[in-house]
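Hi everyone, thanks for making time.

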Number of protein chains: 2
Amino acid sequence: MVKGVFYGVGVGPGDPELITLKGYRVLREADVICSPKSRAEKEGVALSIVRSLLDIKQKVLELTFPMTNDKVELELYWDKAVRQILSLLKEGKKVAFITLGDPSLYSTYTYVLKKIKQAGSYPVETIPGVASFCACAAAANIPLAEGDEKLAIIPAVKDLDPLRLALQNFENIVLMKIARNYPAVVKVLAELGLEGQAIYASRCGLPDGFLKAGLLTLPEELEELEELKEMQKDYLSLIITKRSSYG
Amino acid sequence: MVKGVFYGVGVGPGDPELITLKGYRVLREADVICSPKSRAEKEGVALSIVRSLLDIKQKVLELTFPMTNDKVELELYWDKAVRQILSLLKEGKKVAFITLGDPSLYSTYTYVLKKIKQAGSYPVETIPGVASFCACAAAANIPLAEGDEKLAIIPAVKDLDPLRLALQNFENIVLMKIARNYPAVVKVLAELGLEGQAIYASRCGLPDGFLKAGLLTLPEELEELEELKEMQKDYLSLIITKRSSYG
């Protein structure tokens with residue numbers, strides 16, 4: 001009997017051409033494509049990337065995960081997703097769980113993967129992808145880190161003290177999922193004299209993507225910019241900053 | 001007249017299938033492939049990856065950069081490389097500079113890029129790639145970072161204090177180019193009770209690649225392992241560790 005295989009496939013940061021050859025092959029060969037989405041979305045961003053690559057003939061299993069920090073509620077959704085995936089694996093299906101960017105970085109995939117590994121003896125394979133911050137640095141033609149420099153990746157800044165500590169001890173910082181706390185974060189950057197050397201990107205690589213290099217200013221000024229509306233609302237937003245200036 | 005274009009192409013971490021569709025296309029369309037290599041190497045690792053993807057008919061320009069921290073010496077090599085690239089761009093050539101992993105992370109490409117940007121008005125485009133640490137986490141089927149966790153990337157640890165600071169303040173750490181200081185680093189991990197939760201990878205994704213999950217032990221024990229010889233010598237080695245245990 002054919003044995004099911006569980007794949008995690010990073011589809012890259014947005015531009016469909018930034019998927020890997022391997023990711024593209026695994027998707028073509030899969031029997032089922034699992035697409036995570038938030039409650040609000042019509043369709044997950046990762047799935048829309050896959051649609052522009054393939055004429056999807058496979059079964060698509062959409063899995064809804066609410067945007068919440070309530071661990072108990074999330075567990076219920078993860079467990080439900082895992083039950084559905086396990087039943088496909090039991091039938092011998094190749095199941096590809098798609099994720100935006102790289103599957104090891106801030107992805108629902110890793111929670112589901114843990115439970116699949118715990119549940120049984122199905123082979124799993126994770127196909128890495130291009131991380132969003134690598135794509136943003138590339139779009140701006142700037143280094144993320146050089147030589148012996150350190151790089152800190154900090155998501156969804158709530159507390160500003162760890163941010164200050166990182167800014168003082170790391171030459172380079174990536175601040176991910178920045179939309180909600182944008183004004184507070186820019187204030188900290190300004191305190192340290194860094195706001196002129198930061199890059200802001202939102203949905204980088206997607207058709208409505210947006211990239212500003214060296215344009216971050218204090219929140220008061222920013223509020224006058226038309227772009228702010230877009231900046232504040234999007235979950236897929238990040239800032240890259242470094243202590244030295246960009247060459 | 002056709003205008004030259006300078007491309008930086010991340011070929012990914014080692015497995016040729018982990019190049020992006022875009023990187024693969026740009027390489028096929030390039031007139032010249034620039035391949036960085038150290039003095040000791042017969043051929044750069046990135047070029048050997050490209051060879052297994054393409055029957056290279058283009059001109060290959062091998063650029064030697066010595067493994068040194070002497071900035072003055074390095075500047076001479078960068079300047080020489082830039083002169084050669086500029087003369088190709090002047091002829092209207094599409095020049096693709098290949099790099100292992102992602103071009104924005106610890107790559108010679110970023111130094112060359114700065115000088116190309118300073119030198120003139122040639123268009124530049126950076127094609128991001130899969131970073132080595134993403135590939136290692138994928139090979140081990142573990143997360144690099146989840147939820148609101150922070151991630152620190154620290155190369156070539158010399159001073160152990162910044163490492164201790166990072167280990168105390170970041171949930172997840174990637175230690176790159178670890179070969180030379182391996183015993184000292186493992187000692188610090190052991191002090192903090194972390195050595196059983198680390199993943200060691202060397203040349204991950206290359207044919208002679210090597211991955212050990214949860215196997216890091218004190219240097220004395222390690223010296224008994226046959227693998228140590230390989231571990232200590234290779235520049236392309238890294239450790240991934242996290243404060244909580246892997247699920």
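The accessible surface of chain A is about 10300 Å², and carbon and sulfur atoms hold 50% of that. Please keep in mind that what you see is a predicted model, so every number I give you is computed from it. Chain A has 247 residues, and 56% of them count as buried. In terms of secondary structure, there are nine helices and 10 strands in chain A. If you take the contacts in chain A with a separation of 6 or more, 69% of them are between residues 24 or more positions apart.

Now let's bring in the partner chain. How much area is buried between chain B and chain A? About 4600 Å², with carbon and sulfur atoms giving 59% of it. On the chain B side, the residues that lose the most area to chain A are B:E17, B:L21 and B:N141, and together they make up 15% of what that side buries. Counting residues in contact, we get 57 from chain B and 57 from chain A.

Which elements of chain B give two or more residues to the side that touches chain A? They are α1 (21-29), α4, β5 (124-127), α5 (132-139), β6 (151-155) and α6 (160-169). Helix α4 of chain B gives the most, with six residues. Sorted by type, the chain B side has 34 nonpolar, nine polar and 14 charged residues.

Charged residues bring me to salt bridges, and the rule finds six of them across this interface. One to look at is A:D15 with B:K22, where the closest N and O atoms are 3.5 Å apart.

Next, a lysine I'd like you to zoom in on. A:K150 sits in the loop between α5 (132-139) and β6 (151-155) of chain A. Is A:K150 buried or exposed? It counts as buried, because its relative accessibility is 13% and the cut-off for buried is under 20%. The side chain of A:K150 reaches the backbone oxygen of A:N169 at 3.5 Å. Leaving out residues up to four places away in sequence, A:K150 touches A:N169, A:F170, A:E171 and A:N172 in its own chain, and B:Y106, B:I153, B:I154, B:P155 and B:P162 across in chain B.

Most residues other than glycine have a negative phi. B:Y106 is not a glycine, yet its phi is positive, at about 55 degrees. You'll find B:Y106 in the loop between β4 (94-99) and α4 (108-119) of chain B, and it is buried, with a relative accessible area of 15%.

B:K177 is another non-glycine with a positive phi, about 45 degrees. B:K177 lies in the loop between β7 (172-176) and α7 (182-191) of chain B. It is buried too, at 17% relative accessible area.

Last stop: B:V5, in strand β1 (residues 5-10) of chain B. B:V5 is buried, with a relative accessible area of 15%. Setting aside neighbours within four places in sequence, B:V5 is in contact with B:L89, B:K93, B:K94, B:V95 and B:P123.

That's my tour, and I'm happy to take questions.

Key:
Residues are numbered from 1 along each chain as its sequence is written. Chains are lettered from A and ligands numbered from 1 in the order in which they are written. This is a predicted model: local features need pLDDT of at least 70, side-chain atom pairs count only at pLDDT 80 or more; totals for chains, interfaces and linings use all residues. Side-chain values use heavy atoms; hydrogens and water are left out. Helices (H or I, at least four residues) and strands (E, at least two) are DSSP runs, numbered from the N terminus. Buried means under 20% relative accessible area, exposed over 50%, partly exposed in between (1.4 Å probe, protein chains only). Contact means heavy atoms within 4.5 Å. Accessible areas come from the Shrake-Rupley method with a 1.4 Å probe; for residues, only the protein chains shown count as cover. Buried area is the accessible area (1.4 Å probe) that two parts lose on being put together, summed over both. A salt bridge is a side-chain nitrogen of Lys or Arg within 4 Å of a carboxyl oxygen of Asp or Glu. Ala, Val, Leu, Ile, Met, Phe, Trp, Tyr, Cys and Pro count as nonpolar, Asp, Glu, Lys and Arg as charged, and the others, Gly among them, as polar. A polar contact is a pair of N or O atoms within 3.5 Å; within protein, one must be able to donate a hydrogen and the other to accept it, and residues adjacent in sequence count only if both atoms are side-chain atoms.
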